[in-house]
Amino acid sequence: MQRDPSVDAWFSKPDDELRRFAQPWFEQMRGCGSDVRELLHDGHPTACVGDAPFGYVNAFSAHVNVGFFYGAALDDRADLLEGTGKRMRHVKLKPGDVLDAHSLDELIRAAYLDGQARAGTATREP
């Protein structure tokens with residue numbers, strides 16, 4: 001589904017400011033291209049190109065994760081990514097912390113382009 005109402009409902013949960021703190025980063029994922037689809041996967045908003053997931057956000061009690069399903073393959077020049085798994089990585093954000101927003105924007109864009117390549121649609125969007 002291109003826009004899933006359950007994703008908007010997730011962000012609208014009353015008394016959960018961290019979900020709203022995560023929302024601009026998911027909006028960035030949504031805006032990557034007309035081929036972006038979304039769904040709730042394991043209870044959190046997930047962005048896909050076709051059936052290939054490329055990013056997600058999740059809110060915890062004191063921080064937010066902006067995550068990438070194939071984050072280990074991304075060029076993380078600013079050293080923002082955390083995680084030790086075979087593929088997945090995330091950026092941990094806490095309200096009040098200094099954030100390199102430009103570098104996180106670049107990671108989101110790179111994850112989207114990687115998702116296009118994995119979905120076999122890399123030539124559709126510039």
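The model is predicted: local features need pLDDT of at least 70, side-chain atom pairs count only at pLDDT 80 or more, and totals for chains, interfaces and linings use all residues. Residues are numbered from 1 along each chain as its sequence is written, and side-chain values use heavy atoms, leaving out hydrogens and water.

Begin with the whole protein in cartoon view. The protein contains 3 helices and 5 strands, assigned as DSSP runs (helices: H or I, at least four residues; strands: E, at least two) and numbered from the N terminus. Their order from the N terminus is α-α-β-β-β-β-β-α. The C-alpha atoms occupy a box of roughly 40 × 35 × 25 Å along the principal axes.

Next, colour the protein by burial. Of its 126 residues, 44% are buried, that is, under 20% relative accessible area with a 1.4 Å probe, protein chains only.

Now display the aromatic side chains. Rings of Phe, Tyr and Trp (its six-membered ring) pair if their centres lie within 6.5 Å; planes under 30 degrees apart are stacked, over 60 edge-to-face and the rest tilted. This rule gives 4 aromatic pairs. Select Phe 11 and Phe 26, a tilted pair with 5.8 Å between centres and 45° between planes. Phe 11 lies in helix H1 (residues 5–11) and Phe 26 in helix H2 (residues 17–30). Phe 11 is buried, at 2% relative accessible area, as is Phe 26, at 0%.

Finally, select Phe 54 and Tyr 112, an edge-to-face pair at 5.7 Å centre to centre and 65° between the planes. This pair joins strand S3 (residues 52–59) to helix H3 (residues 101–119), 58 residues apart. Both Phe 54 and Tyr 112 are buried.

Notes: Buried < 20%, exposed > 50% of the residue type's maximum accessible area, 1.4 Å probe, protein only.
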